[in-house]
Amino acid sequence: MTPTMNDLQRALVLLLVLGVFAYIGYRRGFWGELLKLVMLIVGYAISRTDLLGGWVIRIINVTYFLIRFTLGGGLGALFAEGGPSAERLVSAFEAVGARGPLIRAGQGEALLFVLMLGLLILAFVVAGRVKRKASKIAGLLMGAVNGLVIAYIFRPYLSGTPLFPPMPETAGTFEIVRTILGTALDVLVTPVRWLGTAVGLWIVPVLIVLVVLFLLRSLRG
Amino acid sequence: MGPIEVLWFAVVLFFIFVALVRGYPRELGVTTVIFAALFLIHFFLGRYFDALLRPLLNVLDISPTARGLEHFKATFYSVVFLLIVFSGYAGQTFTFQGKERKGTDGLMLNLLVGLLNGYLVAGTLWYFQHAFNYPIADFKGPDGRPLFFTMPLSPLATQLVKILPPAVVPDILWGGLLMLMLLARVRR
């Protein structure tokens with residue numbers, strides 16, 4: 001099949017992502033990048049309900065069930081004077097059952113997304129602290145692999161529409177610059193948009209405060 | 001011209017370039033001035049501007065159209081905001097003390113502060129347009145095409161409007177951030 005202009009643009013973006021991550025790997029070294037890769041894969045698996053995500057939701061729901069059961073008189077029924085009380089146990093079970101699970105079907109996506117994002121941030125923070133030395137070339141290669149994984153994780157968000165809208169043959173320089181700026185903006189805004197949709201717009205002021213605190217902390221002396 | 005979000009993004013890029021040249025300790029001073037401007041505009045102008053404008057129009061015996069009033073308000077708010085922001089760049093700047101990080105770390109911090117300042121300034125100017133029904137879109141060239149940006153808003157712009165700084169941040173937080181910056185500046 002003949003590659004189209006969009007395939008070429010997508011390949012260029014992929015190469016750019018690989019290049020940036022390879023450079024980071026080259027600077028940071030192999031072991032940190034390896035750790036980052038493991039956490040990236042775990043984060044991705046957690047974000048998918050058909051992989052680890054469903055299991056994570058079940059664990060959360062079971063923990064919630066056990067806490068409610070204990071607080072709702074289940075523990076008292078088990079250790080009642082004269083042996084466990086079946087009636088009280090059943091009523092404790094029924095009370096918990098009536099409340100239903102903490103995360104219902106279709107509600108877990110936002111939580112899993114936040115978990116994945118948290119793991120990705122943690123991966124970058126932890127990888128930066130690994131000081132064990134190794135070959136810089138190995139770090140470069142591992143960094144490129146991380147770039148590939150990141151591109152794979154975010155591919156549904158990038159491949160939904162053609163990267164650059166089709167431009168007429170007669171488009172002038174201004175039109176081309178405008179299209180590229182618009183596309184760059186779309187790519188930049190997309191993560192904020194997911195975050196806003198997933199957790200609510202209150203995240204924007206929180207992000208502003210976090211950025212300011214981070215910038216203030218980075219002034220030494 | 002194109003959609004408003006492209007114009008907005010071009011302004012953000014401009015601020016990023018400025019931050020790359022000036023460095024983040026200087027740019028944090030500008031961030032402080034922007035927080036002050038946002039707090040003043042929201043807290044004082046947002047509450048008292050209409051109450052002050054009405055008697056003034058009566059005294060001057062001017063009765064503008066509704067659209068004319070929107071033009072005036074959007075221009076006034078934008079000019080006041082830009083004048084305050086400009087004061088952060090001109091003359092004695094409000095630089096933060098401390099050793100600036102060099103290399104990749106410094107570059108990333110410069111990018112981050114440029115992005116923050118660009119988002120705050122360009123986002124606030126856009127918000128003033130949005131709050132007064134885009135008066136600047138009335139200006140058209142000789143060929144009838146808009147001079148600054150095209151209307152109606154694109155789907156992306158409709159979503160971006162929801163995350164413009166004054167739309168999502170309560171005015172008291174601007175005051176809180178201003179206090180935080182001043183404390184950090186004094187502590188060093």
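Predicted model: local features only at pLDDT ≥ 70, side-chain atom pairs only at ≥ 80, totals over all residues.
Close-up 1. When residues up to four places away in sequence are not counted, I84(B) touches V33(B), A37(B) and L40(B). For one of these residues, L40(B), the separation from I84(B) is 44 residues in sequence, while the C-alpha to C-alpha distance in space is 10.0 Å.

Close-up 2. Helix α2 of chain B, made up of residues 24–60, contains T32(B). Because its relative accessibility is 3%, T32(B) counts as buried, the cut-off for that class being under 20%. Once neighbours within four places in sequence are left aside, the residues in contact with T32(B) are F94(B), F96(B), L178(B), M181(B) and L182(B).

**Close-up 3. Crossing of helices α3 and α4 in chain A.** Helix α3 (residues 49–78) and helix α4 (residues 86–99), both of chain A, have axes that come within 8 Å and cross at roughly 160 degrees. Since angles over 145 degrees count as roughly antiparallel, α3(A) is therefore described as roughly antiparallel to α4(A). The crossing in which α3(A) passes α4(A) is right-handed.

**Close-up 4. Residues where α3(A) meets α4(A).** On the side of α3(A), the contact is formed by Y64(A), F65(A), R68(A), F69(A), G72(A), G73(A), G74(A), G76(A), A77(A) and L78(A), and these meet R88(A), L89(A), A92(A), F93(A), V96(A) and R99(A) of α4(A).

Notes. Residues numbered from 1 in each chain as written. Chains lettered and ligands numbered in written order. Heavy atoms only, no water. Helix = DSSP H or I, 4+ residues; strand = E, 2+ residues; numbered from the N terminus. Buried < 20%, exposed > 50% of the residue type's maximum accessible area, 1.4 Å probe, protein only. Contact = heavy atoms within 4.5 Å. Axes fitted to C-alpha atoms, helices over the stretch in contact; angles between N-to-C directions. Parallel < 35°, antiparallel > 145°, perpendicular 65-115°, else oblique. Left-handed = near helix turned anticlockwise from the far one by under 90°.
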